[in-house]
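Good morning. I will go through one structure today, and it is on the screen now.

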Amino acid sequence: MDVITAIRTRRSIRAYDSRPVPHALIEAVIADAAQAPSPPASGAMPWTCAVIEGVDRIAALGEAA
């Protein structure tokens, strides 16, 4: 699948599977995302990434937000 096809056929999922995502997959996705171009030198903030695990922790963050 090319990028344009992926963009045009994307979908949102609201019912999530209860199985945990393997750490190796999370690390691979973050490593791939780190290859994206950095922000322009105009002063934009670089991106950051946080991995939150556990239903209780995710729910607590959602409530706090």
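Met-1 is exposed, at a relative accessible area of 81%. On this scale, buried means under 20% relative accessible area, exposed means over 50%, and partly exposed lies in between, with a 1.4 Å probe and protein chains only. Before going on: this is a predicted model, where local features need pLDDT of at least 70 and side-chain atom pairs count only at pLDDT 80 or more, while totals for chains, interfaces and linings use all residues. Residues are numbered from 1 along each chain as its sequence is written, and side-chain values use heavy atoms, with hydrogens and water left out.

Met-1 sits in the segment before α1. Helices here are DSSP runs (H or I, at least four residues), numbered from the N terminus. From Met-1 to Ala-15, 14 residues along the chain, the C-alpha atoms are separated by 24 Å.

Next, helix α1, residues 3–8, which contains Ile-7. Ile-7 is exposed, with a relative accessible area of 52%. Together with Val-3 and Ile-4, Ile-7 makes a nonpolar surface patch of about 300 Å². Such a patch takes residues with over 30% relative accessible area and no salt bridge, and joins nonpolar side chains (Val, Leu, Ile, Met, Phe, Trp, Tyr) within 5 Å. The areas come from the Shrake-Rupley method with a 1.4 Å probe.

How many salt bridges does the structure hold? It holds 1. A salt bridge is a side-chain nitrogen of Lys or Arg within 4 Å of a carboxyl oxygen of Asp or Glu. Here Arg-19 meets Asp-17, at 2.9 Å from N to O. Arg-19 counts as exposed, at 64% relative accessibility, and Asp-17 is partly exposed, at 48%.

Both residues also line the largest pocket, and Pro-20 and Gly-54 are among the other lining residues. A pocket is an open set of points on a 1 Å grid over the protein atoms alone, where a 1.4 Å probe fits, with protein on both sides within 12 Å along at least five of seven lines; lining residues have an atom within 4 Å of a point. By class, the lining has 7 nonpolar, 2 polar and 3 charged residues. Helix α3, residues 55–64, gives the largest share, 3 residues.

Last, Gly-54, in the loop between α2 (23–33) and α3. Gly-54 is partly exposed, at 38%. Gly-54 and Pro-20 are 34 residues apart in sequence, and their C-alpha atoms are 8.7 Å apart in space.

Technical notes. Helix = DSSP H or I, 4+ residues; strand = E, 2+ residues; numbered from the N terminus. Nonpolar A, V, L, I, M, F, W, Y, C, P; charged D, E, K, R; others polar. Patch = residues over 30% accessible without salt bridge, like charges linked within 9 Å, V, L, I, M, F, W, Y side chains within 5 Å.
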